[in-house]
Amino acid sequence: QVRLVESGGGLVQPGGSLRLSCAASGTISSVTAMAWYRQAPGKRRAWVARITSSGSITYADSLKGRFTISRDNTKNTVDLQMNSLEPEDTAVYYCAALRGGPVIYTINSWGQGTQVTVSS
């Protein structure tokens, strides 16, 4: 079992930045990648970015250039730096531990989510 705890959400003005962090603990050896997802009000949960154990990174096309995912394997953390935030980025952001890959991944576990609100 992998336990994930997110932090760093909050209220930010349009154009601002936030950095989310996810700390993983437990049976991390089974995890092949970490990812961020988000769920806006009234919408389905959507994938944001993924980083594999070897450091390979992919982003949702619509977020390229504004969001940056990174990881610290020594601390078992994965971060999401979000810049130039827009009201449309308002959502609950979830960290996920993944298994499998490199083509198909399955969700091992979810974090509890952290609220990001972009508003003036």
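The model is predicted. The disulfide joins C22 and C95. The count of aromatic pairs comes to two. Y37, Y94 and W110 make up one aromatic cluster. The charged end of R45 sits over the ring of Y94, and also over the ring of W110. A further topic is Q81, found in strand β8.

**Disulfide**

- The sulfur atoms of C22 and C95 are 2.1 Å apart.
- C22 belongs to strand β3 (residues 18-26) and C95 to strand β9 (residues 91-100), so the bridge ties together parts that are 73 residues apart in sequence.
- The S-S torsion of C22 and C95 is about -80°, so this disulfide is left-handed.
- C22 has 0% relative accessibility; the cut-off for buried is under 20%, so C22 counts as buried.
- C95 is buried too, at 0% relative accessibility.
- In general, a disulfide is a covalent bond between two cysteine sulfur atoms.

**Aromatic pairs**

- Y37 and W110 form an edge-to-face pair, with 4.9 Å centre to centre and 70° between the planes.
- Y37 lies in strand β4 (residues 33-39) and W110 in strand β10 (residues 105-110), so this pair links parts that are 73 residues apart in sequence.
- Y37 is buried, with 16% relative accessibility.
- Y94 sits in strand β9 and W110 in strand β10, so the pair ties together parts that are 16 residues apart in sequence.
- Y94 counts as buried, at 13% relative accessibility.

**Charge over rings**

- R45 places its charged end over the ring of Y94, 3.6 Å from the ring centre.
- Over the ring of W110, the charged end of R45 is 4.4 Å from the centre.
- Y94 and W110 are both members of the aromatic cluster, together with Y37.

**Q81**

- Strand β8 (residues 77-82) contains Q81.
- Q81 has a relative accessible area of 19%, and the limit for buried is under 20%, so Q81 is buried.
- The side chains of Q81 and N83 make a polar contact at 2.9 Å.
- Leaving aside neighbours within four places in sequence, Q81 contacts S17, L18, R19, R66, F67 and T68.

Key: Residues numbered from 1 in each chain as written. Predicted model: local features only at pLDDT ≥ 70, side-chain atom pairs only at ≥ 80, totals over all residues. Heavy atoms only, no water. Disulfide = S-S within 2.5 Å. Helix = DSSP H or I, 4+ residues; strand = E, 2+ residues; numbered from the N terminus. Buried < 20%, exposed > 50% of the residue type's maximum accessible area, 1.4 Å probe, protein only. Polar contact = N/O pair within 3.5 Å; in protein donor to acceptor, adjacent residues only side chain to side chain. Contact = heavy atoms within 4.5 Å. Phe/Tyr/Trp six-rings, centres within 6.5 Å; stacked < 30°, edge-to-face > 60°. Lys NZ or Arg CZ within 6 Å of the ring centre and 35° of its normal.
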